[in-house]
Amino acid sequence: MKPKISWPKRPERLYSVSKAWTESASASSAHHALLPQVSSQKKPALAGLPTKSLLRSLLLTSVMASPLLNPSVALLKYVIDSNSPLLSPSKNPAMNYLLRMTIYNHFCAGTNEREVRDTVQGMKDLGFKGVILGYARESVAKVDGAESHVEEWKNPQAIGDRAVEEWKQGNLRTLKMVGEGDYINIKLTGAGPAAVDALARGDPVPPPHIEQAITEICEATSAQGSRFWIDAEQQIFQPAIDAWTIDLMRQFNRNGRVVVLNTVQAYLKSSTENIHRHLELAGQEGWALGIKLVRGAYIAHDIRSRIHDTKTDTDRNYNHILESLLSRRSPFQELKGTPFPDARLFVASHNAESVRRAYSISRHRILDGLPTIPLEMGQLQGMADEVSCGLLAEYQPDSSEKNSSSAVPASVFPKVFKCLAWGTTEECLHFLLRRAVENQSAMERTRDTASALREEVWRRFGWR
Ligand SMILES: Cc1cc2nc3c(=O)[nH]c(=O)nc-3n(C[C@H](O)[C@H](O)[C@H](O)COP(=O)(O)OP(=O)(O)OC[C@H]3O[C@@H](n4cnc5c(N)ncnc54)[C@H](O)[C@@H]3O)c2cc1C
């Protein structure tokens, strides 16, 4: 029988309704209902953004928060579906320029290693602890028309092998563009048709050639001192994604290192039980558990009955999981006869309330000497900058604090990451469309972002 989940009480000591918030928030904004009490803010949240990026972000976010978003999404879809060379960024330099100067530069890190490295450095200069980098190209088992490949069209095995090889090379190239402590993000279905079939069947282990490719990526990531996470996808793939990823954590998350993180989608009703299972396995077998916690991106295309009935339920479950893990407890039921394992939590969300709640709990537990686990947080490039930059502005140590003997431990400061995608304009088109669509369903948050950006522009140019 499943134990009943009792939602823990909100730790009153850690939270209070901020005056600024009660004055400015709309009562219907669930994700902003309560914010933790913050220390005196050192500088405005977006003060670090270069003026060029600030103005571009304001322009784009204002469009995304306006009725112009729907026609813009329709236009982007039209460009993606069109076969006209005039609309193809790889064939028409004017089209490429237009897309790059607008949405591409807002949401994407660059088309080649030099551009990506510059963007990564720019993020670190802003105070971000690091980046998560992903190759935006969608996996297609594509065979070019060259003579030597003609045979492969008749041979699905060869097409599959080629897709796996391209996927592996793409990930290894991505890895070269990040440094120690950074992440790359990996989508297992990206390895092509053989991976999709095995995942959909629920195979507990990958086919040998895919397993070999994954192992090569893991070994290279570990040797470089970087890390990676495996993205969560649709429910049909998730049991196998979990099994393959647990096996990787078993191999690579040893001796105090966490190289691999699995993703858990809190909108799934089974998510607390799933995390409990991960904790039990890690505790029993002695490896370290890495969890990236998301709400879940497939609500429109997945089995609805397995997803929490309302947004409020998903929010509550998300916060319950992060509070439990940060308190070294299972979110499902007590861990019986199993020690709580070495674990890490990555809060991947644009929801200001969840991100701040996670950081506040972590900070207070460290300062109060209470047991907790290391916390990292991250948002996508071009999304919710006021959340990421706000945390950095409020809590980053200044030079006097860094050198002071009474300085608070480094583990207390927020470790905020930006999640970046790279690829040519053409390769990034589907990724860009997803970002635009995501903004359609998060209009209220986009408006919050636009208003924070507008305020910063006003402040910077002395207009208020
Ligand atoms: C760095 C990063 C990495 C990510 N990686 C993944 C990944 O690997 N896999 C993945 O699936 N997603 C991933 N996402 C996307 C994520 O799952 C969310 O879709 C997205 O971040 C929006 O949720 P939010 O927490 O930012 O906040 P919010 O905007 O507050 O929450 C929106 C989310 O709430 C949930 N929701 C909305 N309406 C309802 C409803 N009626 N009933 C129940 N639930 C509802 C949905 O999950 C929706 O996406 C990632 C996001 C980030 C920032």
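**Entry 1: terms and ground rules**

I call a residue buried under 20% relative accessible area, exposed over 50%, and partly exposed in between (1.4 Å probe, protein chains only). By that scale R250 counts as partly exposed, at 26% relative accessibility.

I am working on a predicted model, where local features need pLDDT of at least 70, side-chain atom pairs count only at pLDDT 80 or more, and totals for chains, interfaces and linings use all residues. Residues are numbered from 1 along each chain as its sequence is written, and side-chain values use heavy atoms, with hydrogens and water left out.

**Entry 2: the whole chain**

I looked up the overall make-up. The protein chain has 17 helices and eight strands. Both are DSSP runs numbered from the N terminus: helices are H or I with at least four residues, strands are E with at least two.

I then checked burial. Of the 464 residues of the protein chain, 51% count as buried.

Next came contacts, meaning heavy atoms within 4.5 Å. I took those between residues at least 6 apart in sequence; 80% of them join residues at least 24 apart.

The accessible surface of the protein chain comes to about 21,700 Å². Carbon and sulfur atoms hold 55% of that surface. Accessible areas come from the Shrake-Rupley method with a 1.4 Å probe; for residues, only the protein chains shown count as cover.

**Entry 3: aromatic pairs**

I searched for rings of Phe, Tyr and Trp (its six-membered ring) that pair, with centres within 6.5 Å. Planes under 30 degrees apart count as stacked, over 60 as edge-to-face, and the rest as tilted.

How many aromatic pairs does the whole structure have? The search finds seven.

One of them is Y135 with W422. Their ring centres are 4.4 Å apart and their planes stand at 15°, so I logged the pair as stacked. Y135 is in strand β1 (residues 130-135) and W422 is in strand β8 (residues 416-422).

I moved on to Y183 and F417. They form an edge-to-face pair, 5.6 Å centre to centre with 70° between the planes. Y183 lies in strand β2 (residues 183-186) and F417 in strand β8, so the pair ties together parts 234 residues apart in sequence. Y183 is buried, with a relative accessible area of 1%. F417 is buried too, with a value of 1%.

**Entry 4: charges over rings**

Here I wanted NZ of Lys or CZ of Arg within 6 Å of a ring centre and within 35 degrees of the ring normal. The charged end of R295 sits over the ring of Y318, 4.3 Å from its centre. The charged end of R435 sits over the ring of F431, 4.7 Å from its centre.

**Entry 5: salt bridges**

Side chains of opposite charge can pair when their charged atoms come close. The structure holds 25 salt bridges.

R277 and D242 meet in one, at 3.9 Å from N to O. R277 is in helix α11 (residues 271-285) and D242 is in helix α10 (residues 238-252), 35 residues apart. R277 is partly exposed at 38%, but D242 is buried at 5%.

E285 and R250 meet in another, at 2.5 Å from N to O. E285 lies in helix α11 and R250 in helix α10, so this pair ties together parts 35 residues apart in sequence. E285 is partly exposed, at 30%.

I also noted E323 with R357, whose closest N and O atoms are 2.6 Å apart. E323 is in helix α12 (residues 311-326) and R357 is in helix α13 (residues 352-367), 34 residues apart. E323 is buried at 7%, and R357 is buried at 7%.

Salt bridges that share partners join E165, K168 and E216 into one network.

**Entry 6: a nonpolar patch**

Patch residues have over 30% relative accessible area and no salt bridge; like charges are joined within 9 Å, nonpolar side chains (Val, Leu, Ile, Met, Phe, Trp, Tyr) within 5 Å. L55, W458, F461 and W463 form a nonpolar patch on the surface, with about 430 Å² of accessible area together.

I looked at W463. This residue is found in the segment after α17 (443-460). W463 is exposed, with a relative accessible area of 54%.

Notes:
A salt bridge is a side-chain nitrogen of Lys or Arg within 4 Å of a carboxyl oxygen of Asp or Glu.
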